[in-house]
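Hi,

Here is the structure for your review. My notes on the packing and the surface follow below.

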Amino acid sequence: MILTNVDTVPGKTIVEHFGIVQGSTVRAKHVGRDLMAGLKNLVGGELKGYTELLQDAREEATQRMAEQAQQMGGNAVVNIRFATSSVAQGAAELFAYGTAVRVE
């Protein structure tokens, strides 16, 4: 499966178009991590718990999007984008979407 955020796959020709595919996940951190993040806000620096959370969410959403593309018959997803939104206090959705295509 080829995944790219550009409109084409360099060196390949898009021969079939299957439409938009998507994957998402909603994640929340446990209270202990939220407490540590709150303390970190006082002194500054990277919030590693949230960085790991978003990395894991990005990978899962991307995998779900790729699986949907494969089920449609695609072997690539082009023009991939990511979006995040807050769905509840302490919980966020990470959303990945793109266009499933077959390339040769």
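M36 is exposed because its relative accessibility is 54% (exposed is over 50% relative accessible area, buried under 20%, partly exposed in between; 1.4 Å probe, protein chains only). M36 sits in helix α1, residues 31-43 (helices are DSSP runs of H or I, at least four residues; strands are runs of E, at least two; both are numbered from the N terminus).

Some ground rules. This is a predicted model: local features need pLDDT of at least 70, side-chain atom pairs count only at pLDDT 80 or more, and totals for chains, interfaces and linings use all residues. Residues are numbered from 1 along each chain as its sequence is written, and side-chain values use heavy atoms, without hydrogens and water.

Now the cores. The largest nonpolar core has 10 residues: V21, A57, A61, M65, A69, V77, I80, L94, A96 and A100. A nonpolar core here is a set of buried Ala, Val, Leu, Ile, Met, Phe, Trp, Tyr and Cys residues joined through side-chain atoms within 4.5 Å. Two or more residues each come from α2 (48-72), β3 (76-88) and β4 (91-103). Helix α2 gives the largest share, 4 residues.

I80 touches L3, T4, N5, M65, Y97 and G98, leaving out residues up to four places away in sequence (contact is heavy atoms within 4.5 Å). Apart from that core lies another, of 5 residues, including V9, A76, V78 and V103.

Best regards
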